[in-house]
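I opened this notebook to look up the disulfides of one structure.

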Amino acid sequence: MKIKLGPADFAEKEMRGYEVGKRSLCIARINGRYKGLDDWCNHAGCLLSGGRLEGNMVVCPCHEVGFDMDTGKNETSPGVCDDQPTVELEVDADGELVVELPEKDL
């Protein structure tokens with residue numbers, strides 16, 4: 001199901017957290033593209049949206065684990081925690097940021 005998150009008005013390298021149904025999402029604009037993954041770090045439950053971006057990687061503010069924003073792959077500490085689930089994003093004709101989530105997550 002497609003859900004509008006609001007205006008696609010992020011500055012370059014800006015990150016925001018969103019609560020959507022049962023999911024918490026970390027959305028960032030990197031190189032002009034919107035990318036997203038689960039906001040709750042699967043290592044210790046910290047919000048990735050409170051971390052920082054390093055290139056195409058979001059770094060968790062609690063334990064410095066870095067996840068690729070395209071794939072969700074744990075790039076820095078593979079033995080510490082799993083990869084993060086990603087989400088598909090688009091900007092619609094009205095300039096709204098839209099995420100697609102399965103019905104079970106709503």
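Entry 1. I began with cysteine 81, whose sulfur lies 4.8 Å from the closest cysteine sulfur, in cysteine 41, too far for a bond. The rule I applied takes a disulfide to be a pair of cysteine sulfur atoms within 2.5 Å. I also found cysteine 81 buried, at a relative accessible area of 8%. Buried means under 20% relative accessible area, exposed over 50%, and partly exposed in between, with a 1.4 Å probe and protein chains only.

Entry 2. I noted that this is a predicted model, in which local features need pLDDT of at least 70 and side-chain atom pairs count only at pLDDT 80 or more, while totals for chains, interfaces and linings use all residues. Residues are numbered from 1 along each chain as its sequence is written, and side-chain values use heavy atoms, with hydrogens and water left out.

Entry 3. By the distance rule I counted 1 disulfide. It joins cysteine 46 and cysteine 62, with their sulfur atoms 1.8 Å apart. The link of cysteine 46 and cysteine 62 is left-handed, with -100° about the S-S bond. The pair links distant parts of the chain, 16 residues apart: cysteine 46 sits in the loop between β4 (33-38) and β5 (52-54), and cysteine 62 in the loop between β6 (57-59) and β7 (66-68). Strands here are DSSP runs (E, at least two residues), numbered from the N terminus.

Entry 4. Last, I looked up cysteine 26, which is in no disulfide; the nearest cysteine sulfur, that of cysteine 60, is 10 Å away. Cysteine 26 is buried, at 0% relative accessibility.

Methods
Helix = DSSP H or I, 4+ residues; strand = E, 2+ residues; numbered from the N terminus.
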